[in-house]
Amino acid sequence: MNTAALLRPLAPLYLLLSLYAPSAAATWLHEEADIMGTRISVELFHEDAAVARRGVDGVLAEMRRIDRTMSPWIESSELARLNREAAAHPVTVSRELFDLIATSLHYSRLTQGAFDITFASVGFLYDYRKGVHPDEAQRRAATDLVNYHNLILDPRAPSVAYGKPGVRIDLGGIAKGHAVDRCIRLLQALGIGQALVTAGGDSRMIGERWQGRPWNIGVQDPRDASKLVAIIPLENVAVSTSGDYQRYFEENGVRYHHIINPASGDSARGMRSATLIGPDATTTDALSTSVFVLGVEAGLALVNRLPDIDAILVDAHGQLHYSDGLLPAQTQQDVKTPTSAPAP
Ligand code: ADP
Ligand code: MG
């Protein structure tokens, strides 16, 4: 992907957006709702207002359906049932949930365990709203259960079983990306050619925004919500950001946040944010969480060997790092790890 020439670090997003504002006559719809514990946004265009309406309603209904299936907090969800019963016996699940768990295991293998949905075996001991974390003994004992090999999948049933009591899973690192992809497919089936669907830090777009202009996605400054560190003009791709600033609390100068290093059971502290660009949101969602856990060096090494994937990382000191695909071609041989943004 060659978006390098278009990178505009530090440019204000609203300026670019207002330049590209479409004419008032067009049927643009933009709606937001709070679903899946996060902010959902859908923005789309269709010449037929009824089709545009069906698109927006379809997206919100699909987000609610996936929340009901995959939320660990909704007792009647398939996922909550797994966490209650799968250590005792294999539990039959929908093909959709089975496939997303299988996809999660693919990312566990790809990242040598940095991405691991069994992180929840220790993750449930944290409450970021109440400022609660496990003590060291609790953390060590629970981290012993964090291992994706503890999940036993039978594709025929399809069913899932847990190898040990105490194992739990949580799809928070991949379900929003999956939901965004499902919504994009739904909009494509309606014949909608211009749309942006966002669930928290995960977005995917169809087509360009307006008359040859791209969508502009801002990368937030992890320490100042009013600032952007980069603007990325994009079309027809997905973007996900994982950061240490969405859900966190601090205690004695230590930041506890919602991305857990499966090796330690503690928050991953190698960077402040990881923004991933790729062909679909399931991929970018899983990889943004993964790269955040892996840290700058191992994270960029992974991204640079994956085709069609790029990354913008903000390290623990606030410095920006770009994957090779985002660097201007002439500097790729000279600059391996840039510590500042490339010139526009
Ligand atoms: P968000 O958009 O919710 O900030 P991220 O994509 O950054 O999501 O993922 C964070 C979520 O991923 C956490 O809230 C948790 O549910 C889940 N998670 C945390 N650590 C891991 C991990 N090591 N592997 C897989 N999922 C994780
Ligand atoms: Mg993610």
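R81 is partly exposed in this predicted model, because its relative accessibility of 34% lies between the 20% and 50% cut-offs. Its salt-bridge partner is E85. The closest N and O atoms of the pair are 3.2 Å apart. E85 is partly exposed too, with a relative accessible area of 23%. Both residues sit in helix α3, which spans residues 78–85. They are four residues apart, about one turn of the helix.

**Other salt bridges**

Side chains of opposite charge can pair when their charged atoms come close. In this model the count of salt bridges comes to 19.

| Pair | Closest N to O distance |
|---|---|
| E85 and R81 | 3.2 Å |
| K130 and D127 | 3.9 Å |

How far apart are E136 and R140 in helix α6? They are four residues apart, so about one helical turn separates them. Helix α6 covers residues 136–143. E136 is partly exposed, at 45% relative accessible area. R140 is exposed, at 55%.

**The site of ligand 1**

Which residues come nearest to ligand 1? They are D116, S242, H258, I260 and D285, out of 19 residues around the ligand. By class, the shell holds seven nonpolar, eight polar and four charged residues. Helix α8, residues 281–294, gives the most to this shell, with four residues.

Polar atoms of the protein approach the ligand at several points. The side chain of S242 places an N or O atom 2.7 Å from an oxygen atom of ligand 1. At I260, a polar backbone atom is 2.8 Å from a nitrogen atom of the ligand. G173 also uses its backbone: one of its N or O atoms lies 3.1 Å from a ligand oxygen.

How much of the accessible area of ligand 1 does the protein cover? On its own, the ligand has 560 Å² of accessible area, and the protein covers 95% of that.

Key
Residues are numbered from 1 along each chain as its sequence is written. Chains are lettered from A and ligands numbered from 1 in the order in which they are written. This is a predicted model: local features need pLDDT of at least 70, side-chain atom pairs count only at pLDDT 80 or more; totals for chains, interfaces and linings use all residues. Side-chain values use heavy atoms; hydrogens and water are left out. A residue is near a molecule or strand if one of its heavy atoms lies within 4 Å of it. A polar contact is a pair of N or O atoms within 3.5 Å; within protein, one must be able to donate a hydrogen and the other to accept it, and residues adjacent in sequence count only if both atoms are side-chain atoms. Accessible areas come from the Shrake-Rupley method with a 1.4 Å probe; for residues, only the protein chains shown count as cover. Helices (H or I, at least four residues) and strands (E, at least two) are DSSP runs, numbered from the N terminus. Ala, Val, Leu, Ile, Met, Phe, Trp, Tyr, Cys and Pro count as nonpolar, Asp, Glu, Lys and Arg as charged, and the others, Gly among them, as polar. A salt bridge is a side-chain nitrogen of Lys or Arg within 4 Å of a carboxyl oxygen of Asp or Glu. Buried means under 20% relative accessible area, exposed over 50%, partly exposed in between (1.4 Å probe, protein chains only).
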